[in-house]
Amino acid sequence: MKSVLRLLPLLAALALGAATAAPLRWAAQNDILTLDPHAQDHNTSNTIGTHIYEGLTRLSRDYRPEPSLATKWTYVSQTQVRFDLRKGVKFHDGTPFTADDVVFSFGRITQPQGTKQTYVSGIKEVKKIDDHTVDLILEAPTPMLLQNIISFPIMSKSWSEKNKTTSTQDYKAKEENYASRNANGTGPYKLVSWTPDQAVKMTINKDWWDKTTSNVTELTYLPIKSAPTRVAALLSGDVDIVTDLPPQDFFKLKEDGKVKLLEGAEIRTIFLVMDEGSDELRESSVKGRNPFKDRKVREAMNLALDREAIKRSIMRGLSVPAALMVPPGVNGYDAALDKPVKPDLDKARKLLAEAGYPQGFEVPLHCPNNRYVNDEQVCQAAVSMFAKIGVKARLIAAPFSTHSQTFQRGESPFYMLGWGVSTYDALYAMQAWGHTRTTGADGNFNFGKVSDATLDGLIQQIKFEPDVPKRNALIREALLRIRDESLFIPIHHQIRPWAMKPNVDTIHRSNDYFEARYTTLK
């Protein structure tokens, strides 16, 4: 009897803990690609990673860089920035965070098999001063340094060495490593498990260095490809929040008022990439040459696309037809320049004939079917539009995990991509997909083999120009160069409303990063 009485306070405490614990289930359509924080610049993977891993800086509520694993930074000179590291921080396995981890992580993220080198662009070296101080040695003055390193996750050197994962995962080669399936960061949540295509489960890090107002103690991410199934799960209470509400459901849900909606644009542009570098276009009807090398062909493709029809019939009005390759809300965007050409099929056919393709040509069009809003439907519409000028695009739709590996291996001559500008500055986007590909940050996501010397020169100037008006003028010139040379086929900028149960209180993020630390359950 005495033993039972002694157990009563413990049982009461456990019951109280269970009552106050707040699990949250969050759903969207695509799964993460990997847990390796340096492998893939993929928004969903990065969003999950943000809960587990941290950088020297992080994004504030108003999208500005603020201290994270660094408490402050001082410019020793224009090319040397000293970061004071936060003391007392521990990784999830209990080991202390030190300067050695920052130096190690820099070496790891710069490995060529990853796609996140852009975030450390301009950094020549990370030098350890002492256990809690590092200097970032820059190639030249780097205006976007603090914004870039927000997305430079710090890994534990000792954990990586212990688990033989000092090399970044080569995702395109279908490689797996310990870090691609396991995680050990310093962030507010610890990884519990990842079952691909089913769930990512996390639990609160009670030893996190920062204070939080969130009461979300358990976080589960559920990739649910089917739009009707996602919405049904929300309405039935099986999930608490959906961060990619389908346009076809938005107005109905808004009218019936059963769920809470957060409306907002996303800083993401959806576009088509053409292989402009190969001498022969892969799996095309054209042999011995590449139509996409000719600006006239690229212009014809742009003229064939009816963006307003896509907005009206597929996006239900929830898109912004695009001419520029960066969206509203990003430094460098200018609405006056973002005026898409109206479809002109006669001019498009004439341009194709002048380029030597009077009958058009055939080419595969690779598209994801679970990544962007109505992505496969948009591609289907584009296929029918291109057919009107004689370009027969053969649609190949696949989950984003497969789609991404295919284009990164250079096996997609024509494909859909969406790009969110996580730094809120146009340089990040243009440098990644617009600069001639190198082994470093320049062109690290340029799988269309775009190579334009004029654009390269502008990007190099933008990287290091400290004068804001001069820099913005260079960005304008670069965006116009991309537009007027038809180096890509922009479709639209996404609008991304979130839907949630009435008891969920959170903030809409234009970078599409749902963050549990900004969320409470009532």
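Here is a short chat about a sheet and a helix pair in a predicted model.

Q: Let's start with the open sheet: how many strands form it, and in what order?
A: Seven strands, running 8-9-10-1-11-19-12, with mixed pairing.

Q: Which strands are at the edges?
A: Strand 8 (189–195) and strand 12 (260–262), each of which pairs on one side only.

Q: What about strand 8 and strand 9, parallel or antiparallel?
A: Strand 8 and strand 9 (residues 199–204) run antiparallel, and six bridges join them.

Q: Which residue in strand 9 is the bridge partner of L191?
A: That's M202.

Q: And which strands does helix 2 touch as it packs on the sheet?
A: Helix 2 (residues 43–52) touches strand 1 (22–28), strand 8, strand 9 and strand 10 (216–223). The direction of helix 2 makes about 20° with that of strand 9.

Q: OK, switching to helices. At what angle do helix 15 and helix 16 pack?
A: About 155°, with the axes 9 Å apart. Helix 15 covers residues 453–464 and helix 16 covers residues 468–484.

Q: Left-handed or right-handed crossing?
A: Left-handed, as helix 15 passes helix 16.

Q: Which residues meet there?
A: From helix 15, T454, L455, L458, Q461 and I462. Across from them in helix 16 are R471, L474, I475, E477, A478, R481 and I482.

Q: How does that contact split by class?
A: Seven nonpolar, two polar and three charged residues.

Note on methods. Residues are numbered from 1 along each chain as its sequence is written. This is a predicted model: local features need pLDDT of at least 70, side-chain atom pairs count only at pLDDT 80 or more; totals for chains, interfaces and linings use all residues. Side-chain values use heavy atoms; hydrogens and water are left out. Two strands pair if DSSP finds at least two bridges between them. Helices (H or I, at least four residues) and strands (E, at least two) are DSSP runs, numbered from the N terminus. Contact means heavy atoms within 4.5 Å. Axes are lines fitted to C-alpha atoms, for helices over the stretch in contact, and angles run from 0 to 180 degrees between N-to-C directions. A crossing is left-handed if the near helix is turned anticlockwise from the far one by less than a right angle, and right-handed if clockwise. Ala, Val, Leu, Ile, Met, Phe, Trp, Tyr, Cys and Pro count as nonpolar, Asp, Glu, Lys and Arg as charged, and the others, Gly among them, as polar.
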